[in-house]
Amino acid sequence: MSQTTTGDEQLQWKKWTGCRDPQAGDALVKKYMPLVSYHVQRISVTLPKSVSRDDIRSLGMVGLFDALERFDPSRDLKFDTYASFRIRGAIIDGLRKEDWLPRSSREKAKKIEAAIENLEQRYMRAVTPADIALELELTEDEVSSAINENFFSNILSMDESPQEHEEKESKMVLKDERAVLPEEQLLKEELYSELAHVISMLNDKEQLVLQLFYKEELTLTEIGQVMELSTSRISQIHSKAIFKLKTTLSKAM
């Protein structure tokens with residue numbers, strides 16, 4: 001999605017930045033609403049069904065409003081690029097502050113992790129969602145969903161860092177958060193190398209889905225059109241691929 005440079009939009013930006021004209025602000029919000037929908041759809045894929053999309057959309061709208069307040073059209077930066085950062089950040093921050101993963105889901109994830117460990121010792125091999133489902137009397141979809149939800153929850157916890165736009169926090173932080181220590185860089189390189197190795201072990205469809213979703217940034221529906229499969233089937237392939245990545249990487253970390 002690219003920012004147009006029509007005379008009307010330039011006028012709207014001028015009115016908005018010059019005197020915060022309400023009509024100009026409304027027009028800009030309507031124009032970039034699809035950007036919120038895009039990020040809501042991408043993030044919703046990894047969340048449990050108990051999390052309302054309306055709630056996620058509300059968080060995304062906060063990010064869009066924040067972007068409008070802070071954006072400087074005179075800078076050499078597209079608004080949709082800047083807004084994407086703010087929208088995604090607002091959604092992630094909002095999810096992190098709320099205990100969106102129910103206790104029952106956390107307990108199920110613990111049972112699954114225990115089952116994985118027991119089954120691997122029993123069979124002396126990497127286990128599949130089918131193995132775990134049979135052991136715990138769950139469906140494969142329930143197993144993959146629980147693993148993915150817990151995985152994303154862990155990522156949110158690990159991703160916490162001071163926000164550069166929060167003045168209160170920035171006054172308290174003396175460390176240069178942008179500086180990467182040598183040992184941290186080495187750890188990152190090892191993790192990336194391990195991740196690349198694990199991805200190479202996925203089947204062709206799983207690798208293609210991950211590439212199209214995370215690198216090409218297509219939606220699940222768009223990926224389904226490319227691969228001539230239903231959206232639900234693409235979602236299943238995505239869930240199983242993430243499950244394999246999570247279980248393999250958790251043993252390496």
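## A buried aromatic pair

Both phenylalanine 71 and phenylalanine 79 are buried, where buried means under 20% relative accessible area with a 1.4 Å probe and protein chains only. In this predicted model, local features need pLDDT of at least 70 and side-chain atom pairs count only at pLDDT 80 or more, while totals for chains, interfaces and linings use all residues. Residues are numbered from 1 along each chain as its sequence is written, and side-chain values use heavy atoms, with hydrogens and water left out.

## The aromatic cluster

Rings of Phe, Tyr and Trp (its six-membered ring) pair if their centres lie within 6.5 Å, and planes under 30 degrees apart count as stacked, over 60 as edge-to-face and the rest as tilted. By this rule the count comes to five aromatic pairs. The rings of tryptophan 13 and phenylalanine 71 are tilted, because their planes stand at 55°, with their centres 5.2 Å apart. This pair joins distant parts of the chain, since tryptophan 13 belongs to helix H1 (residues 7–19) and phenylalanine 71 to the loop between helix H3 (53–70) and H4, 58 residues apart.

Tryptophan 13 is buried, as is phenylalanine 71. Phenylalanine 71 also forms an edge-to-face pair with phenylalanine 79, at 5.0 Å centre to centre and 75° between the planes. Ring pairs link Trp13, Tyr32, Phe71, Phe79 and Tyr82 into a cluster.

## Packing of H2 against H4

Helix H2 (residues 22–44) and helix H4 (residues 79–97) pack at an angle of about 45°, with their axes 10 Å apart; axes are lines fitted to C-alpha atoms, for helices over the stretch in contact, and angles run from 0 to 180 degrees between N-to-C directions. That angle makes H2 oblique to H4, the class left once angles under 35 degrees are taken as roughly parallel, over 145 as roughly antiparallel and 65 to 115 as roughly perpendicular.

The contact (heavy atoms within 4.5 Å) includes Tyr32, Leu35 and His39 of H2 and Phe79, Ala83 and Ile87 of H4. By class, the contact of H2 with H4 has 11 nonpolar, two polar and two charged residues, with Ala, Val, Leu, Ile, Met, Phe, Trp, Tyr, Cys and Pro counted as nonpolar, Asp, Glu, Lys and Arg as charged, and the others, Gly among them, as polar.

## The chain as a whole

The chain has 12 helices and zero strands, these being DSSP runs numbered from the N terminus (helices H or I, at least four residues; strands E, at least two). Of its 253 residues, 35% count as buried.

Definitions and conventions. Buried means under 20% relative accessible area, exposed over 50%, partly exposed in between (1.4 Å probe, protein chains only).
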